[in-house]
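Here is a friendly walk through one model, helix by helix and loop by loop. Have the sequence and the 3D view open as you read.

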Amino acid sequence: MRLTTEQQDAITTAARSCDVSVATFVRGLIATALKVDRGPTVQHGAPPELVLEIARLREVVAELGGAMVQASIAAREDNRPAEHDRIEALLPDIKKAAAELLALKNALWQSAA
């Protein structure tokens, strides 16, 4: 879900004041609004800045992949086969880079915990 910087900061601040993770806090808001079970509570643990930067980079790479898929579709629909083929050829590398960044982030976060 995309949030504005103001929304993200407000949620992060509120979650930290409750000493829970952002995910736990947001699940609580959703559960309250929908009157369903809150699910598990995870205590707040601040990841090191390196882990956060790797996570941000992974998000950007994933967004790039999505944009490339849309460009590929547009090229195909506009009957531009050469562009479509070039874009399609790049997609596996982008997916692989996103997966490798996720694995790196998880490994770094586990070693920091």
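Exposed here means over 50% relative accessible area, buried means under 20%, and partly exposed lies in between, all with a 1.4 Å probe and protein chains only. Asn79 sits in the loop between H3 and helix H4 (81–112). Its phi is positive, about 60°, although Asn79 is not a glycine.

Before going on, a word on the source. This is a predicted model, in which local features need pLDDT of at least 70 and side-chain atom pairs count only at pLDDT 80 or more, while totals for chains, interfaces and linings use all residues. Residues are numbered from 1 along each chain as its sequence is written, and side-chain values use heavy atoms, with hydrogens and water left out.

**The helices**

Helices (H or I, at least four residues) and strands (E, at least two) are DSSP runs, numbered from the N terminus. The expected span of a helix is 1.5 Å times one less than its number of residues. H1 covers residues 5–17, and its 13 residues reach 18 Å from the first C-alpha to the last, close to the 18 Å expected. For H2, also with 13 residues, the end C-alpha atoms are 18 Å apart, in agreement with the 18 Å it should span. H3 has 29 residues that should span 42 Å, and the 42 Å between its end C-alpha atoms agrees.

Which residues of H1 are buried? They are Ile11, Thr12 and Ala15. These residues lie on the same side of H1, because they cover an arc of only 100° around the axis; the arc is that of the directions from the helix axis to the C-beta atoms. On the face turned away from this buried side, H1 carries the exposed residues Thr5, Glu6, Thr13 and Ser17.

In H2, the buried residues are Thr24, Phe25, Val26, Gly28 and Ala31. H3 has its own buried set, made up of Val51, Ile54, Ala55, Val61, Gly65, Met68, Ser72 and Ala75. Leu52, also in H3, is partly exposed, with a relative accessible area of 29%.

**How H1 meets H2**

Two packed helices are described by the angle between their axes and the distance between the axes. The buried residues of H1 pack against helix H2 (22–34), and those of H2 pack against H1 in turn. Contact means heavy atoms within 4.5 Å. On the H1 side, Gln8, Ile11, Thr12, Ala14 and Ala15 take part, and they meet Val22, Phe25 and Val26 in H2. By class, this contact has 6 nonpolar, 2 polar and no charged residues. For these classes, Ala, Val, Leu, Ile, Met, Phe, Trp, Tyr, Cys and Pro count as nonpolar, Asp, Glu, Lys and Arg as charged, and the others, Gly among them, as polar.

At what angle do the axes of H1 and H2 cross? They cross at roughly 100° and come within 9 Å. That makes H1 roughly perpendicular to H2. Angles of 65 to 115 degrees count as roughly perpendicular, those under 35 as roughly parallel, those over 145 as roughly antiparallel and the rest as oblique. The axes are lines fitted to C-alpha atoms, for helices over the stretch in contact, and the angles run from 0 to 180 degrees between N-to-C directions.

**Loops and positive phi**

H1 is followed by Asp19, whose phi is positive, near 55°. Lys35 follows H2 and has a positive phi near 55°, although Lys35 is not a glycine. This lysine is found in the loop between H2 and helix H3 (49–77), and Lys35 is exposed, with a relative accessible area of 76%.

Two other loop residues are partly exposed. Cys18 lies in the loop between H1 and H2 and has 47% relative accessibility. Val36 is in the loop between H2 and H3, with a relative accessible area of 48%.

**Sequence and space**

| Pair | Apart in sequence | Apart in space, C-alpha to C-alpha |
|---|---|---|
| Cys18 and Val51 | 33 residues | 22 Å |
| Val36 and Leu102 | 66 residues | 30 Å |
| Leu52 and Lys105 | 53 residues | 8.0 Å |
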